[in-house]
Amino acid sequence: MNSSFYNAVVIITGSTQGIGLETGIQLLKQGAYVVFNGRRENPGPVLQTLLQKHSSKACYIAADVGNASAVLNLVTAVIKQQGKIDIVILNAGMSSQGYLHEHADGVIQNIINTNLFGALWLSKYAVPALQKTKGQILCISSAAALCGIAEYSLYSATKKALIGLAESLYSELFPMGIHVGVTIVGFTENETFKTALKPDGSLHPVPNRNAFKPMSRAATASCILQQLQGRRRIVVTGLSGKFAYAVSRWWPALYLRLLRRHYLKSKLKA
Ligand SMILES: NC(=O)c1ccc[n+]([C@@H]2O[C@H](COP(=O)([O-])OP(=O)(O)OC[C@H]3O[C@@H](n4cnc5c(N)ncnc54)[C@H](OP(=O)(O)O)[C@@H]3O)[C@@H](O)[C@H]2O)c1
């Protein structure tokens, strides 16, 4: 098979559904060995069927990425099984909507643990293995990182932090031959069962945002594969993402005002 992913060992965090799962499916088709991950013990029917079909090319390892020792165990298990790691995709993510001051302390901790500490722990523990393969780390950020969004403060803050992490590691790990990139994901079609946290910690379903013409998960995953293939530092996906990226970069104050106006209008309507 003529693919740069052939026999590459790839860990994708948060890949029991959504963009992570789709990225894993596309990497499997390109001949990679894919380590799927999520917190749930049982990966669910779709992933279970996939794992049965590709039993020699894929596995599932349950681990909460916010837990340092669970992440270390994940890395150790992959090296023991496969002997190497070529790519880690820091995709696990969780959002919440609501006023920051109404969030329970545990919810704040949970989101920061998943979105930021998850990326830090896996980057830290995978570096020695990635150095041997001259591998890659890819952070999955969001257009919500370009300018903080009202009532998504934890999500915006952690996703913005991932851009900083990717920038630091881009230079820091370059001498070791490790490439670090970041994907700024624009609106993408949600998984049917996608959930987000409420400030009190309960989960609520996230509806699809058809008004924003979301990209399909397959198209977003395909951008991720192209980015990895070209070892590109930054990729912004989708029209909405590219628009947000351009405006926030060239007219940051204007973009902030536009977001505030949109927020205030939505509050008046509600
Ligand atoms: N969808 C979009 O429009 C969009 C836009 C911009 C950026 N993004 C980013 O893209 C990534 C994927 O988004 P998505 O919409 O595909 O997500 P999703 O459908 O909500 O799936 C989230 C995945 O993360 C896993 N997960 C959550 N917390 C975890 C933890 N602590 N440890 C390990 N796994 C965990 C979940 O599995 P378990 O439940 O089994 O743990 C699930 O597989 C996220 O980082 C998100 O911020 C998405």
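In what follows, Ala, Val, Leu, Ile, Met, Phe, Trp, Tyr, Cys and Pro count as nonpolar, Asp, Glu, Lys and Arg as charged, and the others, Gly among them, as polar. Keep that sorting in mind as you look around this structure, which is a predicted model.

Let us start with a pocket. The second largest pocket holds about 220 Å³ of space. Its lining is made up of 14 residues, and those lying nearest its centre are Ala145, Leu146, Ile163, Tyr245 and Ser248. Sorted by type, the lining of this pocket has nine nonpolar residues, one polar and four charged.

Next comes the ligand. There are 30 residues around the ligand, and Thr16, Arg39, Arg40, Asn91 and Tyr155 come nearest. By type, this shell contains eight nonpolar, 15 polar and seven charged residues. In Thr16, a polar side-chain atom sits 2.6 Å from an oxygen atom of the ligand. The side chain of Gln17 has an N or O atom 2.8 Å from a ligand oxygen. With Ile19 it is the backbone that takes part: one of its polar backbone atoms is 2.8 Å from an oxygen atom of the ligand. On its own, the ligand has 890 Å² of accessible area, and the protein covers 94% of this. Two or more residues of the shell come from each of the elements α1 (18-29), β2 (33-38), β5 (136-142) and α5 (153-172). Strand β5 gives the most, with three residues.

Rolling a probe the size of a water molecule over the atoms shows where empty space is left. A search of the whole structure turns up one cavity of 30 Å³ or more. About 50 Å³ of space lies in the largest cavity. What lines the largest cavity? The residues are Thr13, Val65, Leu90, Asn91, Ala92, Thr114, Asn115, Gly118, Ala119 and Leu162.

The structure holds two aromatic pairs. Why does the pair Trp121 and Tyr125 count as stacked? The ring centres of Trp121 and Tyr125 are 6.4 Å apart and their planes lie at 20°, so the pair is stacked; the cut-off for stacking is planes under 30 degrees apart. Both residues belong to helix α4, where they are four residues apart, about one turn of the helix.

Notes. Residues numbered from 1 in each chain as written. Predicted model: local features only at pLDDT ≥ 70, side-chain atom pairs only at ≥ 80, totals over all residues. Heavy atoms only, no water. 1 Å grid on protein atoms, 1.4 Å probe; cavity = no way out; pocket = protein on both sides within 12 Å on 5 of 7 lines; lining within 4 Å. Points joined across faces, edges and corners; volume = space filled by probe spheres on them. Near = heavy atom within 4 Å. Polar contact = N/O pair within 3.5 Å; in protein donor to acceptor, adjacent residues only side chain to side chain. Areas by Shrake-Rupley, 256 points an atom, 1.4 Å probe, with all protein chains shown as cover. Phe/Tyr/Trp six-rings, centres within 6.5 Å; stacked < 30°, edge-to-face > 60°.
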